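Please look over the chain shown below before reading on. The report that follows takes up a few residues and then turns to the wider picture.

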Amino acid sequence: MSSSSPIGNCLLWRVLPALLLSLSLGLSQLQHAVAGQKVPNSEVKVIQKLIFERKMAEAAPRLDTAMANYPDSGRLAFLLGQLYYFSNLPNYPKAVAAYDKAELMLSKDPELYFFRAAAKAQVLSAYSQRLSPDYVGALADYRKAEALGSERDLRLDIARAIYETRNYSAALEQINRYLNNKPQLWADGQMLKGNILAQMGQHEAALKSYQRAARQYDYLDKLQFYQAVSLRALGQSDEALAQLDKGLKRQGRAYLQLVYLKAMLSYEQKQYQEAALLYQQLIERRRDWALPLLGYYNSLSQMGEAPISISHILDLALKLDPEVVIHFHQQDLLRL
């Protein structure tokens, strides 16, 4: 999760599977859009099919040729954004730039704004650089798509975007409206509500929302992580550890976050050797992450290691992130 909230990156913004399923809808709607030049529908269909099937090596040269022949085409600019977005190594800034160009011709198409919002909301940089996605821009685009009559239910996306802008009271109001009006993704809404409440310091209420989400998503190690964060905040360390161990068994996407929180709890309980081993595990897995280095240094210090003998660990942490000491607290834990 990387600067201040428990959603991070994973659960709620990581919507690539849903986007893949809906890609054909967006592309088919753009068939009827008015562009600066008329591109043969047959060629557009071939390119969009290749992108949908993730055959980017075939789609890219065809798209390059088409764009050379029709440089002012909004439809092709949109497809270029899709190619950047859905590539195996996505380039979200370039996707946004392509969508920006497409907007000149497709400003009435809600799908353009939906996909541009999704691209703007992606994490663009390493944790240590502390650069945030453009959540404000994403929120504006989701609202444009909604105003243009999008066929998608964007209420949850809007709630997520509001949450990411740290306007937690407005996010809570939005998610409550969603949950009270026959939501399609009820468990996702409950998880987001839990994240919002946790950021507002209402951890007991957050746990209730997480427990509701667990009725459907008990297999998500990310959910165990969220619950452990709130349990830790409430001083229920044993319960938090139980959730962490449950999540760690799954070896899922939140594995590093779970190890990090378990290391923190071990340190807090003065189990410094256990904490050091956990931090060392994280360092071996992610060499660009400053916080485990600081945790490792602190643990070794508590075990009696001389500061001079381990000073290189602290030097490396500070080199990666000069503000690491300031940010070594729960808020950084919540967004890795």
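## Ser 299 and its contacts

Once neighbours within four places in sequence are set aside, Ser 299 is in contact with Tyr 267, Tyr 272, Ala 275, Ala 276 and Tyr 279. The residue belongs to helix α16, and in this predicted model Ser 299 is buried, because its relative accessible area is 0%, where the cut-off for buried is under 20%.

Is Arg 287 buried or exposed? Arg 287 sits in the loop that lies between α15 (272–285) and α16 (290–302), and with a relative accessible area of 63% it is exposed, since that label applies over 50%. Although Arg 287 and Leu 316 are 29 residues apart along the chain, their C-alpha atoms are separated by 9.8 Å.

## Helix α4

Helix α4 covers residues 74–86, and its 13 residues should span 18 Å at 1.5 Å a residue, which agrees with the 18 Å found between its end C-alpha atoms. At the N-terminal end, α4 is capped by Ser 73, a side-chain oxygen of which lies 3.4 Å from the backbone nitrogen of Arg 75.

How many of the 13 residues of α4 are buried? The count is 12 of the 13, so the helix is largely enclosed by the rest of the structure. Among the buried residues are Arg 75, Phe 78, Gln 82, Tyr 85 and Phe 86.

## Ala 119 in helix α6

Ala 119 is part of helix α6, which takes in residues 110–120, and with a relative accessible area of 1% this residue is buried. Beyond its neighbours within four places in sequence, Ala 119 is in contact with Tyr 85, Tyr 92, Ala 95, Val 96 and Tyr 99. One of these partners, Tyr 85, is also listed among the buried residues of α4.

In soluble globular proteins, nonpolar side chains tend to be buried together. Here the largest nonpolar core has 98 residues, and Tyr 142 and Ile 175 are the members that touch the most others. Helix α14 (residues 255–268) gives the most to this core, contributing nine residues. When residues up to four places away in sequence are not counted, Ile 175 touches Leu 156, Ala 159, Gly 189, Leu 192, Lys 193 and Ile 196.

## The chain as a whole

The secondary structure of the chain consists of 18 helices and zero strands. Of its 336 residues, 54% are buried, and the chain exposes about 15,400 Å², with carbon and sulfur atoms supplying 52% of that area. Among contacts between residues at least 6 apart in sequence, 63% join residues that are at least 24 apart.

## Confidence in the model

The chain averages a pLDDT of 86, and 83% of the residues score at least 70. Where does pLDDT stay under 50? One such stretch is residues 27–36, for which the model has 28 contacts beyond four places in sequence. Another is residues 329–336, for which the model has 45 contacts beyond four places in sequence.

Key
Residues numbered from 1 in each chain as written. Predicted model: local features only at pLDDT ≥ 70, side-chain atom pairs only at ≥ 80, totals over all residues. Heavy atoms only, no water. Helix = DSSP H or I, 4+ residues; strand = E, 2+ residues; numbered from the N terminus. Buried < 20%, exposed > 50% of the residue type's maximum accessible area, 1.4 Å probe, protein only. Contact = heavy atoms within 4.5 Å. Expected span 1.5 Å × (residues − 1). Polar contact = N/O pair within 3.5 Å; in protein donor to acceptor, adjacent residues only side chain to side chain. pLDDT = per-residue confidence, 0-100. Areas by Shrake-Rupley, 256 points an atom, 1.4 Å probe, with all protein chains shown as cover. Core = buried A, V, L, I, M, F, W, Y, C linked by side-chain atoms within 4.5 Å.
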